[in-house]
Each structure stands twice: as structure tokens, then as C-alpha cells.
Amino acid sequence: SLEMYKQAVLDALSSQAITPLVAAQGNLALGLITVVEGDRKRAEELYATLEPLQGTVQGHISFSADRLLGLLAKTVGNTVEAANHFQAALVFCREAGYRPELARTLYDYADMLLGQDDEGARTEATTLLDEALQASRDLGMRPLLERVLSRREILKA
């Protein structure tokens with residue numbers, strides 16, 4: 001369960017023998033859990049902890065720290081800062097050729113924009129979703145493809 005995983009991460013982070021690499025990856029994992037749970041207070045704390053990782057990709061899964069910072073900023077309601085991080089992640093992933101992470105970032109950024117009551121944001125979200133759709137198809141990322149298609153249906157409604 002998510003709660004068990006979260007507890008395991010918190011236990012690891014509290015260890016005196018934790019290495020900086022394991023701590024960074026633990027905080028990334030905790031950040032994702034925090035976003036899923038919508039925990040604003042922890043999102044603020046983790047944002048400050050993870051902010052020094054801007055402009056990097058972490059872990060063997062090529063996870064953009066800026067994408068996570070964008071998700072955390074979105075969780076606390078700071079859409080301007082979230083947009084800045086998503087844009088930085090898009091630039092980084094394009095330049096580095098991290099296509100799966102690019103596809104996920106396109107989706108997350110579009111998802112945030114769809115939450116805004118702004119026609120320009122909806123137009124930008126459509127463009128991002130179109131690119132995420134193509135990338136997820138090209139890469140065979142079926143779960144992401146399904147989420148993108150669902151969001152596009154919301155735009156049509």
C-alpha cells in the first residue's frame with residue numbers, strides 16, 4: 001500500500017547511515033507520494049528540500065527534479081512557480097533526449113493548465129497534450145496514453 005511505502009521511505013530518511021544519493025531518491029519518492037496525497041504542508045517542506053536539485057535528472061529512472069518541483073508547487077497552489085518548473089523540465093528533457101520523462105512532463109504541465117480558468121491556458125494545454133499523445137504512442141507508454149486521451153476528451157466537452 002502507499003502508506004506502507006511512505007513509512008518505509010520515512011524510516012530510510014531518518015536513518016543515520018543514509019547516503020546523500022539515497023536521501024535524494026528517498027525525498028523524490030516522498031515528493032511523489034505527497035503529490036498523490038495532496039499534502040500541502042509536506043509539499044512545501046519537500047519543495048524547499050528538493051529545490052537545489054533544479055536542472056537535474058535523478059535516479060536510474062531519469063526523473064526530472066523540475067517536474068517534481070512543478071508538481072509540488074502545483075500541490076501548494078503556486079501555479080506560476082509550477083509552470084516555471086514544468087517549462088524548465090521540458091527544455092531539459094528535450095535537450096537531453098529523455099523522451100519518456102518529456103512525455104510525462106508534457107502531460108503534467110497540461111493537467112495543471114487545465115485546472116486554470118483561462119482560454120490561453122486551455123489552448124496551451126491542448127498543444128502539450130497533442131505532443132504528449134504522440135510521444136506516448138511512439139514510446140508505447142500505454143498508461144500515459146490513456147490518461148492523455150482522457151484529458152483530451154475533457155477539453156472537447
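A residue counts as buried under 20% relative accessible area, as exposed over 50% and as partly exposed in between, with a 1.4 Å probe and protein chains only. Keep that scale at hand for this tour of a predicted model, where local features need pLDDT of at least 70, side-chain atom pairs count only at pLDDT 80 or more, and totals for chains, interfaces and linings use all residues. Residues are numbered from 1 along each chain as its sequence is written, and side-chain values use heavy atoms, leaving out hydrogens and water.

**Stop 1: helix α1**

Select residues 2-13, helix α1. Helices here are DSSP runs (H or I, at least four residues), numbered from the N terminus. Show the side chains of E3 and K6, which form a salt bridge with N to O at 3.8 Å; the term means a side-chain nitrogen of Lys or Arg within 4 Å of a carboxyl oxygen of Asp or Glu. The two residues are 3 apart, about one turn of the helix. K6 is buried, because its relative accessible area is 11%, while E3, at 44%, counts as partly exposed.

**Stop 2: from α6 to α4**

Now pick D111 and K74, whose side chains meet in a salt bridge at 2.8 Å, N to O. This pair links distant parts of the chain, with D111 in helix α6 and K74 in helix α4 (residues 65-75), 37 residues apart. D111 is buried at 15% relative accessible area, and K74 is partly exposed at 30%.

**Stop 3: from α6 to α7**

Next, select R99 and D138, a salt bridge whose closest N and O atoms are 3.5 Å apart. R99 lies in helix α6 and D138 in helix α7, so the pair ties together parts that are 39 residues apart in sequence. Both ends count as partly exposed: R99 at 38% relative accessibility and D138 at 47%.

**Stop 4: along α7**

Select residues 119-139, the 21 residues of α7. At its start, a side-chain oxygen of D118 reaches to within 2.6 Å of the backbone nitrogen of G120. Colour A121, A125, L128, L129, A132, L133, A135 and S136, the buried residues here. What covers them includes α5 (79-96), α6 (99-114) and α8 (142-156). Finish at G140, which follows α7 and has a positive phi near 70 degrees.

Definitions and conventions:
The expected span of a helix is 1.5 Å times one less than its number of residues. Contact means heavy atoms within 4.5 Å. A polar contact is a pair of N or O atoms within 3.5 Å; within protein, one must be able to donate a hydrogen and the other to accept it, and residues adjacent in sequence count only if both atoms are side-chain atoms.
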